[in-house]
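Open the model in your viewer and switch to a cartoon view. We will take a short walk through it, one selection at a time.

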Amino acid sequence: MLESRAIAAEPLIRAENLAKHFPVTRGLFVSRTTGHVKAVDGVSFTIGRQETLGLVGESGCGKTTTSRLLLRLEEPTAGRVLLDGQDVHALRGAELSRYHTRVQAVFQDPWSSLNPRLRVRDTIAEALVVNRRVTRAGRLERVEEVLHQVGLPLSAAARYPHEFSGGQRQRIALASALAAKPELIVLDEPVSALDVSIRAQIMNLLKDLQAQQELSFLLVAHNLATVRYIAHRTAVMYLGRIVEHADTESLYRRPLHPYTKALFAAALPADPDAPRDDMILTGEVPSPIDPPSGCHFHPRCPFAMEQCSRVAPELKAVAPEHVVSCHLY
């Protein structure tokens, strides 16, 4: 498990009231907007230097959209993302190229995230070709360096992705992200497509690389055990909003929000014989097109009060570095 650590006063990256609403249109020849999918709806967080923030929640809660906003793959409807105080969606030209070297990504599926027509050396060197002015000799030297860092032989550089296993492909994807010497890597379900026997190797590799190269990670994951092992802090999302955010060990030992408790109760326990305080949720996840008023979780919450359907709770600090959005607190 990770020990608690002090958070740097000035974070590397900051999301402020971030929102992304996708229009819903109808009509074949003349389309009209009939509503919006509120994929991300007012999310704020920070990621410090050499720190990992875990983002967890059910499918469709907005985790991946949040990560795409950080990567500039989506434009925000509202709010902003700041890297060292600069609005990343306002960057242009050389500043934008520099941003793409500082922020990289590793995606979920190692079978489809690599170009099957490119040799491994060309895949890894692509970020250097696009965003950095590096000589051919310099590119080859950097390829060999990152292959060594992720535990692959130098002979891998001349081979194609189909010649590798899933775990090896994810190492190649990680090497590609490392090539430009980034400061932040967005990890979108980096081990979920791998065999259980390989997951621990990749997770340990990520921790080692973070310590050696002072990397920051945004870890988007379903697997709560993965998040607990890697993340220093964890944010829980439900229907586009963060409902609880805390130091990872504090959150796992004492979850406060009813949704967080239900999410943890649904995970398989490490000790099947240990006593459990299970909380079973009723009903379906509401539509993000027309989310419930007040607290989005109140239709499924066993502790819902009258005000929960009227007033959206704000994130409030209930302990040092532990905030929760719930009228119970």
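Begin with residue Gln170: is it buried or exposed? Gln170 counts as buried, because its relative accessibility is 2% and the cut-off for buried is under 20%. Keep in mind as you look around that this is a predicted model.

Next, show what surrounds Gln170. Setting aside neighbours within four places in sequence, Gln170 is in contact with Val106, Phe107, Gln108, Pro110, Pro190 and Leu194.

Now widen the selection to residues 166-178. This is helix α5, and Gln170 lies in it. How many of the 13 residues of α5 are buried? The count is 12, so the helix is mostly covered. Among the buried ones are Gly166, Arg169, Ile172 and Leu178.

Which order do its four strands follow? The order is β2-β1-β4-β5, in an open sheet with antiparallel pairing. Colour β2 (32-47) and β5 (86-87): both stand at the edges with a single partner strand, so one side of each has no neighbour in the sheet.

Select β1 (residues 13-26) beside β2. These two strands pair in the antiparallel sense over 12 bridges.

How values were computed:
Residues are numbered from 1 along each chain as its sequence is written. This is a predicted model: local features need pLDDT of at least 70, side-chain atom pairs count only at pLDDT 80 or more; totals for chains, interfaces and linings use all residues. Side-chain values use heavy atoms; hydrogens and water are left out. The expected span of a helix is 1.5 Å times one less than its number of residues. Buried means under 20% relative accessible area, exposed over 50%, partly exposed in between (1.4 Å probe, protein chains only). Contact means heavy atoms within 4.5 Å. Two strands pair if DSSP finds at least two bridges between them.
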